Amino acid sequence: MQPTPRLLTPPREQDIVYPYRRVWRSITIEGILLLLVTVAFYVAVNLLGFTFPSIIRPFINAGLALLPLLFWLVFSYLPERRVDQPRERLLMVLVVTALVANAVGIPLLDRTLQIDNWLSLSSPLDRIIGYAFTVGVLQETLKYVVVRTFTWPYIIRTPLDAVAYGAASAVGYLTVAGLHFSLSGGTTLPSPEVVATRVFSLAALHLSASTLVAYGLAASRFRTGPVIVLPLSLILACLLTGIAIPLRTGLVNAGFTQGVGAPNTLLGLGLSIGIYGAPIIIASFLFSAQSQREREAAASRET
């Protein structure tokens, strides 16, 4: 029997089989596709003058609200089933978050607190604080509780698992919020291009906030940072919500034309792009630095 040949050089990094789904790639693809759909609807209505008949508007609006869920299923959940070590309970986290949002989160904000009735006339600072302590605290707490309940501690095997479960929870919540917005108003439903822009802004805010919380959750799970990292990440996520909502409202409703202000959808869309990209890019660098520290610590222990 011939001896088994030995490799004289280590295998290249691209030749090593990665056993997990690459989370950042999935989030990026889903965000780009959702942005392209939003831009297509904006161009069709505002530049080409296309109008949607009222009879089909509910179906178009509902389809737009469900797009983040569809993209998540295609580019996150299905690829997850094909990797060597798939993450479990992703769909459960998404479904439970959606149910909690529909039963607790949205009714509490819209019917009980009715924040738009008393925050819309407040000063900018009061609106930031108000939205952070109402919408931000409620949404991020509900999503965090669901992820923590169904994944802690052993379902989260790697730091990026926290991002995957956070994204699933975010998609569950924003899908319900998008459906409520797109189908509200009775006979005067919002126009599809408005729905598309709103759904993208919801996706940007929820995914970015959940990514920040995921970093704190991973740091707590693997003890790669001080205890304060987790509560600080929750505070930052709530503050991001508190800043984003009034700022987007102000940009969209502020007009540059003389006289009556005209809605500036592009300004709101640009803000949503920044909200989608910046926190996720920052979080990806933080996770990379965290992984590098873990590798260096493991190498030092071996030596």
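Reader: Happy to look at this with you! From the N terminus on, in what order do the elements of the protein run?
Author: Good place to start. Helices (H or I, at least four residues) and strands (E, at least two) are DSSP runs, numbered from the N terminus. This is a predicted model in which local features need pLDDT of at least 70, side-chain atom pairs count only at pLDDT 80 or more, and totals for chains, interfaces and linings use all residues. Residues are numbered from 1 along each chain as its sequence is written, and side-chain values use heavy atoms, with hydrogens and water left out. The protein has 9 helices and 0 strands, and its elements run α-α-α-α-α-α-α-α-α.

Reader: What share of the residues in the protein is buried?
Author: Buried means under 20% relative accessible area, exposed over 50%, and partly exposed in between (1.4 Å probe, protein chains only). Of the 303 residues in the protein, the buried ones make up 45%.

Reader: Which residues have the most contacts inside the largest nonpolar core?
Author: A nonpolar core is a set of buried Ala, Val, Leu, Ile, Met, Phe, Trp, Tyr and Cys residues joined through side-chain atoms within 4.5 Å. The largest one has 73 residues, and helix 7 (residues 192-222) gives the most to this core, with 17 residues. Those with the most contacts inside the core are Trp24, Ile27 and Val163.

Reader: Which residues does Val163 touch, not counting residues up to four places away in sequence?
Author: Contact means heavy atoms within 4.5 Å. With that cut-off, and leaving out residues up to four places away, Val163 touches Val23, Trp24, Ile27, Ala214 and Phe287.

Reader: Let's follow Ala214. What separates the C-alpha atoms of Ala214 and Phe287?
Author: Ala214 has its place in helix 7 and is buried because its relative accessible area is 3%. Leaving aside neighbours within four places in sequence, Ala214 is in contact with Ala162, Val163 and Phe287. Ala214 and Phe287 are 73 residues apart along the chain, and their C-alpha atoms are separated by 9.9 Å.

Reader: Which aromatic cluster does Phe287 form with other residues?
Author: Rings of Phe, Tyr and Trp (its six-membered ring) pair if their centres lie within 6.5 Å; planes under 30 degrees apart count as stacked, over 60 as edge-to-face and the rest as tilted. A search of the whole structure finds 7 aromatic pairs. Phe287 belongs to one aromatic cluster, formed by Trp24, Tyr215 and Phe287.

Reader: Why is the pair of Phe41 and Phe52 called stacked?
Author: The pair links distant parts of the chain, with Phe41 in helix 1 (residues 23-47) and Phe52 in the loop between helix 1 and helix 2 (57-82), 11 residues apart. Both Phe41 and Phe52 are buried. Their ring centres are 5.6 Å apart, and the pair is stacked because the planes are at 20 degrees.

Reader: And what are Phe71 and Phe75: stacked or tilted?
Author: Both lie in helix 2, 4 residues apart, about one turn of the helix. Phe71 counts as buried at 11% relative accessibility, whereas Phe75 is partly exposed at 27%. The ring centres are 6.4 Å apart and the planes are at 55 degrees, so the pair is tilted.

Reader: Now for the outside: is Leu239 buried or partly exposed?
Author: Leu239 is found in helix 8 (residues 229-253). Together with Ile228, Leu232, Ile235, Leu236, Ile243 and Leu247, Leu239 makes a nonpolar surface patch of about 610 Å². Because its relative accessible area is 39%, Leu239 is partly exposed.

Technical notes. Patch = residues over 30% accessible without salt bridge, like charges linked within 9 Å, V, L, I, M, F, W, Y side chains within 5 Å. Areas by Shrake-Rupley, 256 points an atom, 1.4 Å probe, with all protein chains shown as cover. Salt bridge = Lys/Arg side-chain N within 4 Å of Asp/Glu carboxyl O.
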